Each structure stands twice: as C-alpha cells, then as structure tokens.
Amino acid sequence: MSTPSQAFIEESFKVSSQHAIFVLLAFNFTFQEGSAQGGASGSITLNSRASSEDGEYIGREVTIFAGTGSGQSRTITAYNGSTKVANVSPNWTTPPDVTSVYKVGATNRYVNNNENMTSNGAVYEAREFELDLPESTEERLPDVSILFDNVDLALARNLREQNGTPPTVTLSVITTIDPDVIEYGPMTLTVKAAGNKDSTTLEIGTGVEDLLNRSALPIGYTPGVTPGVLYI
C-alpha cells in the first residue's frame, strides 16, 4: 500500500505540472452497525444495541451492504430510541428485512479550493486546510497531520460523537483538467486524534496501523494437536 509522505505532493506535481492540483479528503465515520430487526418502505428497525435516545441518528446515512436491499443508502430523518425505528428519505426501492445488514455513518468531503468540486460523482466542500507530511526517507510509519484553518461544525460534531470503530480519511490528488481522474492515491488512513488548537482551528492526526510490530498471538503445540511439529 502506498504511504503518504513529501513524495505524495512531489509526485503529484510531476504528473500534473501543467495544471493546478487539489487534495481531496474524505472522512468516513461509522456510528452504529448490525443486522436489522425489520423494515418498511420508509424505515428500518436497527438492532437492539442502537441508541435509546430519540433523534440520535437524524441526518446520518444508513447503508445496507448485505442481505435484502443491499447497495441502498438513505438519509435518516427521524429516530425513535425506544422502538429503534429510523425513518429514511427517500423511501427504499427494496425495503430491508431481518436479513439486511446495515451501517449508520457519515462522510465529510473537502477540497483545498475556493469553490466546491465534484469528483467521480461526489461533491467536495471547499475548505482551507494544510497537510503536515513526514519526509519520505524517515524510517517510521507515516503520521499525517491535517490542519483546518476554519472549523467545519459538521466534521467537529462527527469527531466528537464517534465511538467504537475509528474513523478513516482517504486522501487523493486530482487536477483541474479532469477531476474524475485520480492522479495520486487514494490512500486511506486511520484518524488517531483530533483537537482544537484555538477557537477556529482544528488539528487531526492520522496514520496507518503498525501490523508488523503487533504482538503475536501465543500458540501452544502439543503432540495431540500438532503431531507433525513435535518429534524426537
């Protein structure tokens, strides 16, 4: 997997030296997921672990990714914490049922431009931000710091309310000549930390998981279980 570094931007300039380049950021959040308890043309009943607070998921996107209705995404317009029923808009093409596996999440998309841009059908909101990238020669896992000069309340809310699955951010580079062509990337990083430097500045730290240095699982070998490993 490619890892972001100073070479990330340097390589982008090489392939697009004749055109302005832009960095796309897509923050992906998961707030609740599981198997549905049922559904109707304009609703889905979330599982028993869903929030008991009325209105909790209003404005979130619920996506069915397995079972009946797979591939559909809708916006939650109302939520009953007692019944776990989430009303959606527009209505489902194929209503979910007990076989449907869903995810309640949100995606915040930004581009370092002075106007919104559309890439591959997704709209990226114009927002001023900076990337602090590690040197490509550093022998360590890359940590990328993203600094927003003007706090987006929607992103701040999602970061504040996120629990469980860590959010991720996908970085890509495009040019003005064809925003649908990804010149460099995409690269997906895990959000590790986020906090306000002051009243208008938001700093987000991201990185990749250190799989190589993760502790190994203890494995026991006995003659009864692994006779081919133990011999005299």
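Predicted model: local features only at pLDDT ≥ 70, side-chain atom pairs only at ≥ 80, totals over all residues.
Colleague: Aromatics, then. How many aromatic pairs does a search of the whole structure find?
Modeller: Six aromatic pairs. Rings of Phe, Tyr and Trp (its six-membered ring) pair if their centres lie within 6.5 Å; planes under 30 degrees apart count as stacked, over 60 as edge-to-face and the rest as tilted. One of the pairs is Phe27 with Tyr110, which is edge-to-face because the ring centres are 6.2 Å apart and the planes stand at 65°.

Colleague: Where do Phe27 and Tyr110 sit in the chain?
Modeller: Phe27 is in strand β1 (residues 21-35) and Tyr110 in strand β7 (residues 101-111), so the pair links distant parts of the chain, 83 residues apart. Helices (H or I, at least four residues) and strands (E, at least two) are DSSP runs, numbered from the N terminus.

Colleague: Phe27, buried or exposed?
Modeller: Phe27 is buried, at 0% relative accessibility, and Tyr110 is buried too, at 1%. Buried means under 20% relative accessible area, exposed over 50%, partly exposed in between (1.4 Å probe, protein chains only).

Colleague: And how are Phe29 and Phe31 arranged?
Modeller: Phe29 and Phe31 make a stacked pair, 6.0 Å centre to centre with 10° between the planes. Phe29 counts as buried at 2% relative accessibility, and Phe31 counts as buried at 12%.

Colleague: Changing topic: how many salt bridges?
Modeller: Four salt bridges turn up in a search of the whole structure. The criterion is a side-chain nitrogen of Lys or Arg within 4 Å of a carboxyl oxygen of Asp or Glu. Among them is Arg60 with Glu161, at 2.5 Å from N to O.

Colleague: What does the Arg60 and Glu161 pair link?
Modeller: Distant parts of the chain: Arg60 lies in the loop between β3 (43-45) and β4 (61-66), and Glu161 in helix α2 (residues 153-161), 101 residues apart. Arg60 is buried, with a relative accessible area of 3%, whereas Glu161 is partly exposed at 29%.

Colleague: What about Arg127, which partners does it have?
Modeller: Arg127 forms a salt bridge with Glu125, where the closest N and O atoms are 2.4 Å apart. Arg127 also forms one with Asp152, with the closest N and O atoms 3.7 Å apart. Asp152 is buried at 11% relative accessible area, and Arg127 is buried at 13%. Glu125 is partly exposed, at 29%.

Colleague: What about phi of Lys84?
Modeller: Phi of Lys84 is near 70°, a positive value in a residue other than glycine. Lys84 lies in the loop between β5 and β6 and is buried, at 11% relative accessibility.

Colleague: And Asn120, what is its phi?
Modeller: Asn120 has a positive phi of about 50°, although it is not a glycine. Asn120 is in the loop between β8 (117-119) and β9, and it counts as exposed at 52% relative accessibility.

Notes: Residues numbered from 1 in each chain as written. Heavy atoms only, no water.
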